[in-house]
Amino acid sequence: MKIIMLGAPGAGKGTQAKRIAEKYAIPHISTGDIFRANIKNNTELGQKAKTYMDKGELVPDELVVDLIMDRFKEADCANGYVLDGFPRTIPQAEALDKALSANNESVDFAINVEVPDENIINRMSGRRACVGCGATYHIQFNPTKVEGICDACGEKLILRDDDKPETVKNRLSVYHDQTQPLIDYYSKKGILAEVDGTQSMEDVFNSIVNVLGK
Ligand code: AMP
């Protein structure tokens, strides 16, 4: 099963993507996580991506498309995947379709986790990320057992540069300009499912499972 998660930054698609990956036994592929791992390891790709990410801008399509095509070659992608943060532009979606159709494959579902902008700004300022393993939490909606400390690895939590309010506003405007058109793109293909992202995390997940099947 090949699934795409759509939605504004902070809509909760990452959290849902992880649960989908677990339930359907497919890998969760987050281009944002891949970039952050590269930044942490100070790779050339990481250095290039950081200049865009810190400003809330998108990394250029060629960089992202090459990276994701390499990731698809790994063995764990044989039964599909859930993509979180890719595609983010029409050219990226077209590149994905082209690569899949060369193997007679296609995307099965595009799930749009819908959350109004007002809610997003509040949510993002409460988001915290682990400096060690990258796990994300929310001080209100998904708190750690001990404040400021990662449940998974015990490292410190921080507010990521790209989750700071000024950057969030820019990310939202980039989202509306460049990523929102994908909703129409997948709707025309007949594979779009809309889910109300303002529900509890559990209810959002149940709505998604209703779409994907048990
Ligand atoms: P995310 O964790 O998905 O919100 O991604 C964090 C940042 O990584 C974004 O604000 C972009 O700068 C960059 N990024 C992640 N995925 C993509 C993509 N598919 N295309 C362009 N930039 C991306």
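Which element gives the most to the lining of the second largest pocket? In this predicted model, that element is helix α2, which contributes five residues to the lining.

**Packing of α2 and α4**

- Sorted by class, the contact of α2 with α4 comprises five nonpolar residues and one polar residue, with no charged residues.

**The second largest pocket**

- This pocket has a volume of about 540 Å³, and among its 19 lining residues the closest to the centre are R36, I39, K40, C130 and R160.
- Two or more lining residues come from each of α2, α3 (44-53) and β5 (127-130).
- The lining is divided into eight nonpolar, three polar and eight charged residues.

**The sheet**

- An open sheet is built from five strands with parallel pairing, in the order β2-β3-β1-β4-β8, and its twist averages 25° from one strand to the next.
- Strands β2 (28-30) and β8 (192-196) stand at the edges with a single partner strand each, so one side of each has no neighbour in the sheet.
- Strand β4, residues 109-114, pairs with β8 in the parallel sense over five bridges, and I111 has A193 in β8 as its bridge partner.

Technical notes. Residues are numbered from 1 along each chain as its sequence is written. This is a predicted model: local features need pLDDT of at least 70, side-chain atom pairs count only at pLDDT 80 or more; totals for chains, interfaces and linings use all residues. Side-chain values use heavy atoms; hydrogens and water are left out. Ala, Val, Leu, Ile, Met, Phe, Trp, Tyr, Cys and Pro count as nonpolar, Asp, Glu, Lys and Arg as charged, and the others, Gly among them, as polar. Two strands pair if DSSP finds at least two bridges between them. Helices (H or I, at least four residues) and strands (E, at least two) are DSSP runs, numbered from the N terminus. Axes are lines fitted to C-alpha atoms, for helices over the stretch in contact, and angles run from 0 to 180 degrees between N-to-C directions. On a 1 Å grid over the protein atoms alone, a cavity is a set of points where a 1.4 Å probe fits but cannot get out, and a pocket is an open set with protein on both sides within 12 Å along at least five of seven lines; lining residues have an atom within 4 Å of a point. Grid points are joined across faces, edges and corners, and a volume is the space filled by probe spheres set on the points.
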